[in-house]
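Please keep the sequence and the structure in view while reading.

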Amino acid sequence: MRDLPSVSTILQTAEAAALRERFGHGLATDAIRAVLDEARRTLQAGAPAAFAIEELAGQAEARLEAAERSALRPVFNLTGTVLHTNLGRALLAEAAIEAAVAAMRDPAALEFDLATGKRGERDDHVRALLCDLTGAEDATVVNNNAAAVLIAINTLAHGRGAIVSRGELIEIGGAFRMPDIMQRAGAHLIEVGTTNRTHAKDYRAALGPDTGLILKVHTSNYRIQGFTAEVGAAELATIADAAGVPLMNDLGSGTLVDLGHYALEREPTVREAVAEGAGLVTFSGDKLLGGPQAGFIVGRHALIEAINRNPMKRALRLDKIRLAAIEATLRLYRDPDRLAERLPTLKLLARPEAEIEAQAHRLVPAVAAAVKPAFTVAPCPCQSQIGSGALPLNTIASAGLVIRPVAAGGRALDTLAAALRALDRPIIGRIEDGGLILDLRCLTDEAAFLTALAGLRVMVP
């Protein structure tokens, strides 16, 4: 114990001076004290401990670096889910990133009308673009689609009835339940039809003087198949108009383009939903649209105007950084011929299977060298999915690597998966059918992947 240097002794060294310069005096001192405390406990337990000042300072540096590292750091998404909710959903286009950085770096005309010199509206930065791309009369934006649904129902049906099919009372990730949102919005839920079949007569029978709106909800993360029936948005719009109540069509993910052009399963576009007659259409910004998290509300001017007067709007509004990124993302849609080149979401979804398969074969030697001799590595076919509730039953042919343990049984795959997650830039795959699958659809930077993988050799025996 007497051989351990004191905190003050270590602080006088050049190594400690470097720590103070890098991390600050207080943090450096705390780290050195923690290292010395750990050394004392080790000695008390009868085990050998480091006494060299250089080694103790190195341990303090390692502690400080670990504490400084953000948990919100880049990862390699090799799960096979392109829009992975837990991994941040859509990657932003370079144009959106540049716009966001510019908005962060300098003051911006967020709510300032440069033409008149008077106060402006922050939604004006994206309103015209949204109207042009969707065909809607007006548009507004809030911080996500759940907020869009909440404020729209609260505006139109607070203290009134909101009619919705039982088959559309969805629950999505994070315990988002449509009945709960409607209750929080102050609406009286009026369920019509059954889980699998709802007819036009059900909606008509539920209408009354207290009805605030009819709600149609996209079943984002599931499908009801078999003996089913639902009322389409166009027919619902006719029913709603005849009753003098608005129809709100929540598209969930929502898309501004026909995905069929990219060899993907077709989804109704926002423009089509507007043309079908919905008074309001809500959809997300960070899913199929490929932008930052946002909730869009487009539709009739009078309804949008009412939403913008709702006091909740201020609580749900976007900051300048996301607005700048949204505007830049929406502008990409004005050039559809180059959209798949510039928008990462579409680029990844439309990536050819043959290209991914060739990448898998290229990477086998490097991955095998990193995990040998305990594991084998081979190319394998994969089925990617879009994710975030978009087209839940549809998959996209892909390719990847399957890593299997040489010895059967044990927790080798769990250990390997944990080691990959512990890398400076974590690699996230999925364990399936006795192997760790690395779906390569979303791997666009092979060099960075190989650099990260090099750190695995010291973790896996």
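## The loop residue D286

D286 lies in the loop between β11 (280–284) and β12 (295–299); helices (H or I, at least four residues) and strands (E, at least two) are DSSP runs, numbered from the N terminus. The relative accessible area of D286 is 7%, so the residue is buried. Here buried means under 20% relative accessible area, exposed means over 50%, and partly exposed is in between (1.4 Å probe, protein chains only).

The side chains of D286 and R89 are joined by a polar contact of 3.3 Å. A polar contact is a pair of N or O atoms within 3.5 Å; within protein, one must be able to donate a hydrogen and the other to accept it, and residues adjacent in sequence count only if both atoms are side-chain atoms. With neighbours within four places in sequence left aside, D286 is in contact with L83, R89, A90, G291, P292 and Q293, where contact means heavy atoms within 4.5 Å.

## Basis of the model

The model is predicted: local features need pLDDT of at least 70, side-chain atom pairs count only at pLDDT 80 or more, and totals for chains, interfaces and linings use all residues. Residues are numbered from 1 along each chain as its sequence is written, and side-chain values use heavy atoms, with hydrogens and water left out.

## The chain as a whole

The protein chain has 19 helices and 17 strands. Its C-alpha trace spans about 90 × 55 × 45 Å along the principal axes. Of the 461 residues in the protein chain, 47% are buried. Among contacts between residues at least 6 apart in sequence, 75% join residues at least 24 apart.

## The strand residue T140

T140 sits in strand β4 (residues 138–142) and counts as buried because its relative accessibility is 1%. Which side chains make polar contacts with the side chain of T140? One is that of N308, at 2.8 Å, and another is that of K313, at 3.4 Å.

Neighbours within four places in sequence aside, T140 is in contact with D123, L130, G295, F296, I297, I304, I307, N308 and K313.

## Helix packing

Two packed helices are described by the angle between their axes and the distance between the axes. Axes are lines fitted to C-alpha atoms, for helices over the stretch in contact, and angles run from 0 to 180 degrees between N-to-C directions. Helix α5 (residues 94–105) and helix α14 (residues 320–332) have axes that come within 8 Å and cross at roughly 150°. That angle makes α5 roughly antiparallel to α14; angles under 35 degrees count as roughly parallel, over 145 as roughly antiparallel, 65 to 115 as roughly perpendicular and the rest as oblique. The crossing of α5 past α14 is right-handed; a crossing is left-handed if the near helix is turned anticlockwise from the far one by less than a right angle, and right-handed if clockwise. On the α5 side, A95, A96, A99, A100, A103 and M104 take part, and they meet K320, I321, A324, A325, A328, T329 and L332 in α14. By class, this contact of α5 with α14 has 11 nonpolar, one polar and one charged residues. Ala, Val, Leu, Ile, Met, Phe, Trp, Tyr, Cys and Pro count as nonpolar, Asp, Glu, Lys and Arg as charged, and the others, Gly among them, as polar.

Helix α2 (residues 14–23) packs with helix α3 (residues 25–44) at an angle of about 130°, and their axes are 7 Å apart. The two helices α2 and α3 are therefore oblique to each other. α2 passes α3 in a right-handed crossing. A16, L19, R20 and F23 of α2 make the contact with H25, L27, A28 and I32 of α3. By class, the contact of α2 with α3 has six nonpolar, one polar and one charged residues.

## Backbone exceptions

Most residues other than glycine have a negative phi, and most peptide bonds are trans. A263, in the loop between β10 (247–250) and α11 (270–275), has a positive phi near 60°. A263 is exposed, with 74% relative accessible area. D433, found in the loop between β16 and β17 (435–439), has a positive phi near 50°. The relative accessible area of D433 is 69%, so D433 is exposed.

K372 and P373 are joined by a cis peptide bond, with omega about 0°. P373 is in the loop between α17 and β13 (375–387).
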